[in-house]
Amino acid sequence: MDTTNDSVVSEFVLIGLSNSWEMHLFLFWFFSVFYMGIILGNLFIVFTVIIDSHLHTPMYFLLANLSLLDLGLSSTTVPKTITNLFTDCKIISFPKCMIQIFFIHVMGGGEMVLLIAVAYDWYTAICKPLHYLTIMSPKMCVSFVVAAWIVGIIHAVSQFVFVINLPFCGPNEVDSFYCDFPRVMKLACVDTYKLEFVIVANSGFISMATFFSLIISYIFILVTVWKRSSGDLSKAFVTLSAHITVVILFFTPCMFLYAWPFPTTSLDKCLFIVDFAITPLLNPAIYTLRNKDTRVAMRRLGKRIVGPSGISQ
């Protein structure tokens with residue numbers, strides 16, 4: 001028996017989200033428009049932070065890297081989904097399926113770490129303002145980003161090594177619009193019940209631990225602001241409620257799919273539309289575009305591009 005891969009399946013068929021032609025057309029335009037917004041929004045933030053020296057701060061450094069991970073996470077699935085909807089060809093090769101699984105978990109694991117880093121940055125700025133620049137030093141910020149990639153890779157590899165060696169010798173229809181551990185493992189020619197608990201212990205634990213850590217940190221920040229502002233929470237509550245909304249949207253699909261042995265319903269594949277198409281578009285708007293500093297930087301960038309005479313240079 002080949003110890004690297006016993007598979008006789010050379011490709012998988014992605015069932016997708018619907019068999020209706022009308023729904024295919026709607027999903028094609030939905031994913032296309034949202035993906036274009038994800039590309040433009042996240043890249044614009046990255047370039048603005050790089051070009052404008054006023055945004056060379058710990059917070060914007062972390063947010064720019066978060067935008068890169070958002071773009072990467074979306075790019076693991078959405079382009080393939082758009083292509084499948086346009087051509088009605090739902091086939092994905094075995095190697096490409098495995099690559100897609102790997103990078104979904106690299107980007108997803110990394111994004112969880114950066115969301116924690118952003119929350120920690122907020123906590124430090126609000127609760128320890130006098131020590132902010134000392135704590136959030138350039139070395140600390142780079143360490144957060146490096147840790148995000150290391151955690152993402154370890155998170156992906158620790159599960160991937162089990163799946164890549166599974167024998168696939170029969171069914172090859174994946175009941176989803178993308179490849180991921182739960183759906184692909186169901187097609188293996190062996191009992192994967194024990195392996196499911198490995199995935200749950202890994203992805204489920206990291207999802208739930210990160211989610212509750214973020215919620216607790218935001219509550220702690222709100223309490224701190226409340227104590228220091230004589231009970232006026234209006235501005236902080238509006239800002240943090242938007243952040244909490246993004247956290248809930250991002251982690252709900254993860255916890256639904258990974259926090260217990262894999263469900264057999266089709267709800268999980270619909271929920272992950274949020275992670276791949278909606279959250280990567282909301283993150284730039286909520287974390288960055290709503291900030292006054294970013295809007296001012298964008299106006300400065302616009303003036304540099306257009307020039308004082310109003311004619312593009």
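## Nonpolar core

The largest nonpolar core holds 82 residues. Among its members, F12, F31, M98, F168, V184, F251 and Y287 touch the most others. Helix α4 gives this core its largest share, 14 residues. A nonpolar core here is a set of buried Ala, Val, Leu, Ile, Met, Phe, Trp, Tyr and Cys residues joined through side-chain atoms within 4.5 Å. Buried means under 20% relative accessible area, exposed over 50%, and partly exposed in between (1.4 Å probe, protein chains only).

This is a predicted model: local features need pLDDT of at least 70, side-chain atom pairs count only at pLDDT 80 or more, and totals for chains, interfaces and linings use all residues. Residues are numbered from 1 along each chain as its sequence is written, and side-chain values use heavy atoms, with hydrogens and water left out.

## F12 and the sheet

Leaving aside neighbours within four places in sequence, F12 contacts K90, I91, I92, F94, C97, M98, F168, N172, V174, V184 and L187. Contact means heavy atoms within 4.5 Å. I92 in β2 is also the bridge partner of F12.

Three strands form an open, mixed sheet in the order β2-β1-β3. Strands pair if DSSP finds at least two bridges between them. Strand β1 (residues 11-14) pairs with β2 in the antiparallel sense, over three bridges. β2 (91-93) and β3 stand at the edges with a single partner strand each, so one side of each has no neighbour in the sheet. Helices (H or I, at least four residues) and strands (E, at least two) are DSSP runs, numbered from the N terminus.

Helix α4 lies across β1 and β2, at about 85° to β2. Axes are lines fitted to C-alpha atoms, for helices over the stretch in contact, and angles run from 0 to 180 degrees between N-to-C directions.

## Disulfides

The structure holds two disulfides, each a pair of cysteine sulfur atoms within 2.5 Å. C97 and C179 form one of them, with sulfur atoms 2.1 Å apart. The pair links distant parts of the chain, 82 residues apart: C97 sits in α4 (residues 94-127), C179 in the loop between β3 (173-174) and α7 (181-185). Both cysteines, C97 and C179, are buried. The S-S torsion is about -120°, so this disulfide is left-handed.

C169 is joined to C189, S to S 1.9 Å. C169 lies in the loop between α6 (138-163) and β3, and C189 in the loop between α7 and α8 (193-228), so this bond ties together parts 20 residues apart in sequence. C169 is partly exposed at 46% relative accessible area. C189 is partly exposed at 35%.
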